[in-house]
Structures are given as structure tokens and as C-alpha cells.
Amino acid sequence: MLKKDSKVSHEIPSRQCSFGQAVLNGINVLCGVGILSTPYAAKQGGWLGLSILFIFAVISFYTGMLLRSCLDSEPGLETYPDIGQAAFGTTGRIAISIVLYVELYACCIEYLILEGDNLSSLFPNAYLSFGGIELSSHTLFAVVATLAVLPTVWLRDLSILSYISAGGVVASVLVVLCLFWIGVEDVGFHSQGTTLNLGTLPVAVGLYGYCYSGHAVFPNIYTSMANRNQFPIVLLVCFGICTLLYAGAAVMGYTMFGEAILSQFTLNLPQDLVASKIAVWTTVVNPFTKYALTISPVAMSLEELIPSNHAKSYLYAIFIRTGLVVSTLIIGLSVPFFGLVMSLIGSLLTMLVTLILPCVCFLRILRGRVTRLQATLCITIITVGVVCAVFGTYSALSEIVKSLIG
């Protein structure tokens, strides 16, 4: 079974999953660290902007069903890159694989930013001075988190890590429950918020888009099911539960902290409360189980480039995997803006993987069998995806540049 943010698109360890197992897989695919930023998204877009979350939920459910239709179009299709190849040949497979790998790599950068932010909030006075180099709390913990995940990345057999999917569901629910408890018992729900923020609405679009970025794994969940006819119900249940969690966190976080809400609501929680510590530590521990799973497909794709006479040398694989981890740390420290990086991923990559590519592949693979209604819906969704990608990416990049300059 799989974690949400791993988005591992190449394998599901268990075959013939039951309905319940498929639902757990789906919830983990859809509900991850994105839940931390939905209150921030509500601030960026205003209350009316929250409707984008529900619109994306409906569209993403539909494109998930389009992927199923693509998989059923011919035998032997099991993964997203398979769909790309069926639609556009080897070029399609390579293009889709690159998009998926870049998305996975970007998520690993997010994990390290997340670790640095939350651990430094727990221990703000921590620092390290070594050989004339001083590391701030945020930098120190980002480095510590990198060193902690590095040994797990060296493992090639990650199947044991992927069987803890229920933990991902528990973690997401627990964080939301902690937010609710703190709102009831301590902070209160008093902020009115703003109705609509047009200036930063594109950032909210990217953040909400990131919430439904599980399509890379949907084909694997579908092909692993014992009864594939249950897939629409599985998808409906997963989207329903996750949308409620996302919307609940957004409403509670924004009404609790208003315009002061940070990119991760865990950073706003009062540090002296037990519930706050539970929420933050749950957030801190979660990525450690996901990082190795997330980076593994990227590492394996690069390992295929090793010359055949050295292919069996594990040393080359260790160098490649270590290099990948170190590079995510460097980028994470260079652009330490969790919400904006997430918005960039959601705007550029998720719009491609979740909205645009499923429709394009569906129209290509099933050409001649597509109804006029389906064609109209697909073209509309592609248009929405392109518009959101362009404006969201531009807005996120602009904000990142401003933050770096400022």
C-alpha cells in the first residue's frame, strides 16, 4: 500500500487488493502534507476561493475515471507511463515519466522544508557553529532530517515501508483533530476572513491543486484491485473523505488565525499545548516514512543509465541516491518557502498530471469512440488546466522571487 505524498507510480506491492485496502491506498494517495496548507490557501483566495477546492475535487474524480478508461482500452496497460505510450508512443512515455519524476523530486524538497520549519518551531534556539560555519535552527534541522532519511534511501527493497498506509490516514486525521481541539479549547474560531482575494487567488489555485495530485498512482491502485468494477466507488469514497478533511482544516485554520495564518498551520499552534505538540510531531515523523518511497522511482530511472558492466555495482547506486538527497537539501535551503513551493508544484506539475494529461490521453487513445459530451468536457478541463497552470505558475514564481529578493 502507498502513502499519499509518495506518489510512487511504478509499483504497488500487494496484488488483488480488497475494497477496504484500495480505499486506504486512495486516501493516502490524496491526503498528505497538502492538508497543512489549506488554511493558508483559504487566506490567499478568500472564502469564495474555497469553491476551487470542490471544483478540483469533481474534475479530479472525473479525470481519474478517464485514466481507468485508458487502462481498459487495451490489455497490458498498468501505469501512467503505459498510458502515455499507448497515446503517443515512446515520446509520450518519456514525457509523462519526466513530469512524474520531477513531481516526485519536488515533493522530496517539500519534505525537507517541512522538517526544517516544524523542528525549528519546536526548538527555535538550536544552532550549530562548526569550523566558522554557523547553522541556524531551520538549516540545522533540515540537514539533520537529510542525514536521517539518507540510509532509508540507500535501500532498494522498500516494500516493507509501503505497508504502513493506515498510518498515513491516522496521521492526517490526527492533525485535523488536534487543530479542532485547539480551536475549541484554546484559540477559538473568531476570525471573519476576507470574501475574495483576487491578487493572490492564483497561489490558492496551486495549493488546492496540489491536494489532488494522486493521479500518478491511480492506475496502480486500479490494476491491483481484486474487483475492478468497484473502482468508481473507491474513488468516490476517497475523494469525499479527503475533501471533507481538506475543507475542514481550511475553515478551522482560517477562522482560528485569520490573516496571520502561516503556510503550515502547525506553525501557528500555541507551543505550550499538548495537542500542538502531537500535531507537530505527527507532521515531523510522517515524511520520514515517505521520502525513500518518493525518491525511489527517480533513483531507479537514473540507475538505468549506469553502464551495463557496472550495473551490478551497488556503489554507483549509493552515489546516485546520495546525490539526489543532497540536491533536494540544497534546493530546499535555497527556496525555503513551503506554501509557495507547494503552489508551484500544484500549478505546474499537478495541473499536467491531474487535469491536462488524462484528458489528452483519453481523447487520443479512444479517438473515434469519444462522445460529443466527453469531448466537450475534456476540452473544457484541458482549458481550465492550462489557464490555472499559467497563472498559478507565474504567481507562485513571482512570490518566490519577491521572497528571495526581500
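Helices here are DSSP runs of at least four residues, numbered from the N terminus. The model shown in these views is predicted.

**View 1. The whole protein chain.** The chain has 13 helices and 2 strands. Its radius of gyration is 21 Å, close to the 22 Å that the globule rule gives for 406 residues, so the chain is as compact as a globular protein of that length. Along the principal axes, the C-alpha atoms fill a box of roughly 60 × 55 × 40 Å. Buried residues account for 56% of the 406. Among contacts with a separation of 6 or more, 84% join residues 24 or more positions apart. The chain exposes about 16,500 Å². Carbon and sulfur atoms supply 69% of that area.

View 2. The side chains of D72 and R68 meet here, at 3.9 Å from N to O. Both residues belong to helix α3, which covers residues 51-72. They are 4 residues apart, so about one helical turn separates them.

**View 3. The salt bridge of D82 and R93.** This is one of 3 salt bridges in the structure. The side chains of D82 and R93 meet at 2.2 Å, N to O. D82 counts as buried, at 15% relative accessibility. R93 is partly exposed, and its relative accessible area is 27%.

View 4. E303 and R321 join their side chains in a salt bridge of 2.6 Å, N to O. E303 lies in helix α10, whereas R321 lies in helix α11, residues 314-334. The pair therefore ties together parts that are 18 residues apart in sequence. Is E303 buried or exposed? At 13% relative accessibility, E303 counts as buried. R321 is buried as well, with a relative accessible area of 1%.

**View 5. The largest nonpolar core.** This core holds 117 residues. Which members touch the most other members? They are I35, F56, L179, Y208, Y212, Y246 and Y291. Helix α4, residues 80-122, gives the most to this core, with 17 residues.

**View 6. Y212 and its contacts.** Y212 is among the residues of the largest core that touch the most other members. Neighbours up to four places away in sequence are left out of this view's contact list. Beyond those, Y212 touches L30, L53, F56, A57 and S60, among others. The list also includes F239, T243 and Y246. T350 and T354 are in contact with Y212 too.

**View 7. T350 in helix α12.** Helix α12 spans residues 338-365 and contains T350. How accessible is T350? T350 is buried, with a relative accessible area of 1%. Residues up to four places away in sequence are again set aside for the contacts. T350 then touches E103, G209, Y210, Y212 and S213, among others. I345 and L355 are also on its list.

**View 8. L344, also in helix α12.** L344 lies in helix α12. At 22% relative accessibility, L344 counts as partly exposed. With neighbours within four places left aside, L344 is in contact with L349, T393, A396, L397 and I400. L344 and A389 are 45 residues apart in sequence. In space, their C-alpha atoms are 8.9 Å apart.

**View 9. A nonpolar patch on the surface.** Which residues form the patch? They are V170, L174, V274 and I278. Together they have about 330 Å² of accessible area. Helices α6 (165-187) and α10 (274-303) are the elements that give two or more residues to the patch. V170 belongs to helix α6. V170 counts as exposed, at 52% relative accessibility. The cut-off for exposed is over 50%.

Note on methods: Residues are numbered from 1 along each chain as its sequence is written. This is a predicted model: local features need pLDDT of at least 70, side-chain atom pairs count only at pLDDT 80 or more; totals for chains, interfaces and linings use all residues. Side-chain values use heavy atoms; hydrogens and water are left out. Buried means under 20% relative accessible area, exposed over 50%, partly exposed in between (1.4 Å probe, protein chains only). Contact means heavy atoms within 4.5 Å. Patches are made of residues with over 30% relative accessible area and no salt bridge: like charges are joined within 9 Å, nonpolar side chains (Val, Leu, Ile, Met, Phe, Trp, Tyr) within 5 Å. Accessible areas come from the Shrake-Rupley method with a 1.4 Å probe; for residues, only the protein chains shown count as cover. A salt bridge is a side-chain nitrogen of Lys or Arg within 4 Å of a carboxyl oxygen of Asp or Glu. The radius of gyration is taken over C-alpha atoms; the globule rule is 2.2 Å times the number of residues to the power 0.38. A nonpolar core is a set of buried Ala, Val, Leu, Ile, Met, Phe, Trp, Tyr and Cys residues joined through side-chain atoms within 4.5 Å.
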